[in-house]
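Look at the sequence and the model first.

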Amino acid sequence: MKIMVAIKRVVDYAVKIRVKPDKTGVETQNVKMSMNPFCEIALEEALRIKESGVASEVVAVSMGPAQCVDTLRTGLAMGADRGIHVEATEALYPLSVAKLLRALVEVEKPGLLILGKQAIDDDCNQTGQMVAGLLNWPQGTFASKALDVLVTLAINDEKMEFNLLMPFGLVKVNWQQHRGIHSELQKICSDSVVLDKEKQALTVDREVDGGLETLCLDLPAVITTDLRLNQPRYATLPNIMKAKSKVIKKFTLKDLNVEIKPDFEVVQVTEPPKRKAGVMVSSVDELIDKLKNEAHVI
């Protein structure tokens with residue numbers, strides 16, 4: 001099975017954002033850019049699935065100007081097999097990205113599409129849902145459990161071996177030698193995200209307002225990842241060097257036969273109001289007075 005992962009180039013999360021003087025957006029010139037943190041989690045999850053033996057290839061996709069290739073190289077250094085860059089000079093909003101992803105899915109035919117639930121630059125949280133709708137694929141959004149993939153390797157009357165992908169790595173277990181692990185495996189697999197290769201199904205634990213919701217999806221499917229799903233790995237120096245020789249295929253909007261039309265306009269971007277300094281009060285009565293007469297919260 002092939003897994004496609006969409007990654008986005010954004011202003012680094014540690015950079016202090018500055019609004020442009022004309023209030024048309026934020027400054028991106030001479031600003032450190034990096035991979036969207038949610039996209040890092042999505043890529044890490046795809047790599048873990050591949051390492052478990054369920055997937056054969058991980059393809060990283062990025063869209064935008066030529067600088068997106070640097071972000072793709074980071075993904076390749078993390079472990080992706082190859083990259084795809086869709087060249088676009090105009091601004092790409094969620095619906096446009098979803099249309100481009102649909103076109104790429106028709107070309108690449110992946111069994112699973114994984115995205116970060118949102119980008120930290122616009123916080124739209126829309127692309128995954130939109131592309132699932134365009135593809136008519138089932139979707140599991142806000143996946144928040146560590147992915148435990150159970151793959152049966154050999155079964156007979158005396159022996160069953162399997163790989164279990166745990167948060168700390170891949171574990172090989174012989175059922176004959178470890179029968180006592182049965183109850184623990186049942187517990188793990190009952191409250192995790194489980195990918196069944198034979199049945200072509202995926203079980204996702206996703207975050208909702210009241211707690212967790214478990215969904216069972218038929219493959220192919222779209223998954224969007226939340227912050228608590230995993231801890232992305234760091235790209236090592238040897239892998240960074242290897243990434244330079246990995247293939248990045250380029251597409252244009254014309255190649256994918258996708259016409260980008262602006263579906264909305266950003267009218268104005270403003271900074272949030274500066275927080276006022278705190279005030280020390282000498283008594284409870286003074287605190288209640290300020291809350292009532294100044295803050296107007298009681």
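Val281 counts as partly exposed because its relative accessibility is 32%, between the 20% limit for buried and the 50% limit for exposed. This is a predicted model. Val281 sits in the loop that runs between β15 (248–252) and α7 (284–293).

Val281 also belongs to a nonpolar surface patch of about 700 Å².

Across 16 residues of chain, the C-alpha atoms of Glu27 and Val11 are 9.1 Å apart.

The two residues compare as follows.

| Residue | Relative accessibility | Class |
|---|---|---|
| Val281 | 32% | partly exposed |

Now the second largest pocket. It holds about 540 Å³ of space. Which residues lie closest to its centre? They are Tyr13, Met35, Glu40, Pro232 and Tyr234, out of 22 lining residues. Elements that give two or more residues to the lining are β3 (33–35), α1 (37–51) and α2 (68–78). The largest share, 4 residues, comes from α2. By class, the lining of this pocket has 11 nonpolar, 6 charged and 5 polar residues.

Note on methods
Residues numbered from 1 in each chain as written. Predicted model: local features only at pLDDT ≥ 70, side-chain atom pairs only at ≥ 80, totals over all residues. Heavy atoms only, no water. Patch = residues over 30% accessible without salt bridge, like charges linked within 9 Å, V, L, I, M, F, W, Y side chains within 5 Å. Areas by Shrake-Rupley, 256 points an atom, 1.4 Å probe, with all protein chains shown as cover. Salt bridge = Lys/Arg side-chain N within 4 Å of Asp/Glu carboxyl O. Buried < 20%, exposed > 50% of the residue type's maximum accessible area, 1.4 Å probe, protein only. 1 Å grid on protein atoms, 1.4 Å probe; cavity = no way out; pocket = protein on both sides within 12 Å on 5 of 7 lines; lining within 4 Å. Points joined across faces, edges and corners; volume = space filled by probe spheres on them. Nonpolar A, V, L, I, M, F, W, Y, C, P; charged D, E, K, R; others polar.
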